[in-house]
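Subject: Structure for you to look at, with notes

Dear colleague,

Please find below the structure I promised to pass on, with the sequence alongside.

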Amino acid sequence: GWFAIGAAADITPGQIRTLSYFGRELIAFRTSDDAICVLNAYCVHLGAHLGVGGRLVEDGIVCPFHGWTYNSQGQCIAIPYSDHIPERGKIHAYPTLEWAGLVILYFSPDDTAPGWTPDLPAFDPLQWTLYDSQRWTVRVHVQEIGENGLDLPHFQTVHSAGIPQMVRAEGIGQRFFISVKPEAGGRQAKYLEGIDRTLWRL
């Protein structure tokens, strides 16, 4: 499925960011046209971690061990001591979207291509303000994060907040739509017309 893996602002031009998701080590960087690229972190040659000592060149990354160069699609395009590039000279590149300040990528355990793309509404920064960001390390299964979005009664006991009024909860295909209406005097009172969230299949 499609997963939001972090803030787009954390992937800065000219820098390689190392990530750990789905039980895998990944790297992320921006290409010359500012697109975000996410690849598996290990060189297919002898397994060097590209995020530890690797360097960016044009729209690719160079392995710190033997200098194999990969483009933003994960294809090896140059080996400094050989004109031959092996057929298996490729690391997995994850389909990636940048939306509303988030990095969203597609993950499948067998690295198959996505069969669908999320229908993301247009984001106009002049009409919407970006969210605040906080980080926690929690020892939970990823499914519990999605289920938390439906668990409205816990707002009262865990967050000391009123229980939002559920306006809509509907699953359609790969997506689950949630609309809630906050309490009038609460922190989110400016959203009294409702807050819409979309969860994608995990």
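A residue is called exposed here when its relative accessible area is over 50%, buried when that value is under 20%, and partly exposed in between. Ile-145 has a relative accessible area of 52%, so by this cut-off Ile-145 counts as exposed. Please keep in mind throughout that this is a predicted model.

Ile-145 sits in helix H1, which covers residues 142-148, and belongs to a nonpolar patch on the surface that also takes in Trp-136, Val-138 and Val-140, the four having about 440 Å² of accessible area together.

As for the chain as a whole, its secondary structure amounts to 2 helices and 14 strands, and of its 202 residues 30% are buried. Among the contacts with a separation of 6 or more, 39% are between residues 24 or more positions apart.

Turning to the sheets, one of them is an open sheet of 4 strands with antiparallel pairing, in the order S5-S6-S7-S8. Strand S5 (55-57) and strand S8 (76-78) stand at its edges, and because each has a single partner strand, one side of each is left without a neighbour in the sheet. Neighbouring strands of this sheet are turned against each other by 40° on average, when direction is ignored. Within the sheet, strand S6 (residues 60-62) and strand S7 (residues 69-71) are paired in the antiparallel sense over 3 bridges, and Gly-60 is found opposite Asn-71 in S7.

Another open sheet is formed by 3 strands in the order S1-S11-S10, again with antiparallel pairing. Its edge strands are strand S1 (2-7) and strand S10 (96-99), each of which pairs on one side only, and the twist from one strand to the next averages 30°. S10 pairs with strand S11 (residues 102-106) in the antiparallel sense over 4 bridges, with Leu-97 standing opposite Ile-104 in S11.

A search of the whole structure finds 3 salt bridges. In one of these, the side chains of Asp-111 and Arg-24 meet at 2.8 Å, N to O. Asp-111 lies in the loop between S11 and H1, whereas Arg-24 lies in strand S3 (residues 24-30), so this pair ties together parts that are 87 residues apart in sequence. With a relative accessibility of 30%, Asp-111 counts as partly exposed.

Since Arg-30 lies in strand S3 and Glu-98 in strand S10, the latter pair ties together parts that are 68 residues apart in sequence. Arg-30 is buried, with a relative accessible area of 9%, while Asp-34 is partly exposed at 42% and Glu-98 is partly exposed at 44%.

Methods
Residues numbered from 1 in each chain as written. Predicted model: local features only at pLDDT ≥ 70, side-chain atom pairs only at ≥ 80, totals over all residues. Heavy atoms only, no water. Buried < 20%, exposed > 50% of the residue type's maximum accessible area, 1.4 Å probe, protein only. Contact = heavy atoms within 4.5 Å. Patch = residues over 30% accessible without salt bridge, like charges linked within 9 Å, V, L, I, M, F, W, Y side chains within 5 Å. Areas by Shrake-Rupley, 256 points an atom, 1.4 Å probe, with all protein chains shown as cover. Pairing = 2+ DSSP bridges. Axes fitted to C-alpha atoms, helices over the stretch in contact; angles between N-to-C directions.
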